[in-house]
Amino acid sequence: MIEPRIDISTGFVDAADRDDYWRAATRPFYVTERAGRDVPLHGTISGTATGTSLIGETTVNSQNYVRNRRLITESELDDHYVVQAWTAGAMGGDADGVDFLVRTNEVSFVDLGKPLRASVRTHSQLTARTISLVVPRALVEASSHGRSLHGTVLTGTPAVVFSQCLQSISDALPHLDFAGAAQYENVVESLLKASVGHVAPEQQLRAPPEDLRARALVYILDHLGESWLSPTTICVALAVSRAQLYRAFNDDGGIAQVIRRKRLEHAYRELTTPDSADASVEDISRRWGFTSKPHFVRAFEAYYGTTPSRVRLEGRRTIGNPSINRIHRHLTSLSTGTA
């Protein structure tokens, strides 16, 4: 099936409902509030899914954003980034202890697994405009050696080239069927790798996060395919007690649930990727740390309510990333169909 396009606009909502509507639309990413008492929220989001990512355009007026630990847990987007090419306006704030400011003709990187406080500012009555990309962490950090780019700003010629390329992709996607759009995944990956390579070393080689939950998530993602990965091995590697580790993931349902969920989501993504057509279900299950195919199938059915084989047959016609799929459903449920 061809996935419906996201078309959201406060301009087609009753004035009395616009603030609530925009807060709901942006809720997977931020808790959004007015920049001033007399500045009602307004904005637009248009976008298309490419399989494991969302690409589109956003416009907003001046407004404030907060991404806190509760929202990080609720949105289940902690393994993703929002990468935005700013073609108008600016945004500045605190990215988990990193002060940043991104301006017109620059590109910002926001890790959705980390807290953020930011404000978008526009001149006069104009709006800020971005070409936005919601993409798995692995694609963003592949060229930064796994280091966080949260709060990083790409500037100069590399930022302009990135913006122009992303704009071209965004313009092309609405005219393609889903299979055609999915082929742009490789283009996006190459674009990200080339762009991250221009980020200054002092920006991308920050010290590992001090927050235990963030440190544990980095370790989990680095070793997700290892069958020996467990709460015990994480405690040993990070030199913390089981009680400390469990408290850090209490709001997530426990550390073991986080490991299992991330393994299942990576396996789901691979099952729906054309490049993995020749890999068996058992091969994929072992690649993501499951010790046997029956164990994997039971866990998969319990989490998704369907079998890996059925997902393989049907999933390639839908979004192949569960987190992106959830966001897509949320945003299309609010679409005004105005593009």
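Figure 1. A cavity is a set of points, on a 1 Å grid over the protein atoms alone, where a 1.4 Å probe fits but cannot get out, and its lining residues have an atom within 4 Å of a point. Grid points are joined across faces, edges and corners, and a volume is the space filled by probe spheres set on the points. The structure is a predicted model, in which local features need pLDDT of at least 70 and side-chain atom pairs count only at pLDDT 80 or more, while totals for chains, interfaces and linings use all residues. Residues are numbered from 1 along each chain as its sequence is written, and side-chain values use heavy atoms, with hydrogens and water left out. The count comes to 1 cavity of 30 Å³ or more. The largest cavity holds about 370 Å³ of space. It is lined by 28 residues, of which Phe29, Ile45, Thr58, Gln84 and Ser132 are the closest to its centre. Two or more lining residues come from each of the elements α1, β3, β4, β6 and β11. The largest share of this lining, 6 residues, is given by β4. Helices (H or I, at least four residues) and strands (E, at least two) are DSSP runs, numbered from the N terminus.

**Figure 2. The sheet of 7 strands.** An open sheet is formed by 7 strands in the order β1-β3-β4-β11-β6-β9-β12, with antiparallel pairing; two strands pair if DSSP finds at least two bridges between them. At the edges stand β1 (6-9) and β12 (152-154), each with a single partner strand, so one side of each is left without a neighbour in the sheet. Neighbouring strands are turned by 20° against each other on average, direction ignored. Such angles are taken between axes, which are lines fitted to C-alpha atoms (for helices over the stretch in contact), and they run from 0 to 180 degrees between N-to-C directions. Strand β9 (residues 106-111) pairs with β12 in the antiparallel sense over 3 bridges, and Val107 has Leu154 in β12 as its bridge partner. Helix α4 (residues 156-172) packs on the sheet, where it touches β4, β6 (80-88), β9, β11 (128-136) and β12, and its direction makes about 105° with that of β4. Contact means heavy atoms within 4.5 Å.

**Figure 3. Strand β6 and its two partners.** Strand β6 is mostly covered, since 7 of its 9 residues are buried; a residue is buried under 20% relative accessible area, exposed over 50% and partly exposed in between (1.4 Å probe, protein chains only). Antiparallel to β6 runs β11, joined to β6 by 8 bridges, and Gln84 stands opposite Ser132 in β11. Strand β9 also runs antiparallel to β6, with 6 bridges joining the two; here Val83 stands opposite Phe109 in β9.

**Figure 4. The surroundings of Val60.** Val60 lies in strand β4 and is buried, with a relative accessible area of 7%. Thr44 is 16 residues away from Val60 in sequence, and the two are 6.7 Å apart in space, C-alpha to C-alpha. Not counting residues up to four places away in sequence, Val60 touches Trp22, His42, Gly43, Tyr65, Val120, Thr122, Thr127 and Ala128.

Figure 5. Strands β2 and β5 (residues 63-67) pair over 4 bridges in the antiparallel sense, with Tyr65 in β5 as the bridge partner of Thr32.

Figure 6. The structure holds 4 aromatic pairs; rings of Phe, Tyr and Trp (its six-membered ring) pair if their centres lie within 6.5 Å, and planes under 30 degrees apart count as stacked, over 60 as edge-to-face and the rest as tilted. The ring centres of Tyr268 and Phe300 are 6.1 Å apart and the planes lie at 15°, so this pair is stacked. Tyr268 belongs to helix α11 and Phe300 to helix α13 (residues 293-304), so the pair ties together parts that are 32 residues apart in sequence. Tyr268 is buried, with a relative accessible area of 10%, and Phe300 is buried with 0%. One aromatic cluster is formed by Tyr268, Phe290, Phe296 and Phe300.

Notes: 1 Å grid on protein atoms, 1.4 Å probe; cavity = no way out; pocket = protein on both sides within 12 Å on 5 of 7 lines; lining within 4 Å.
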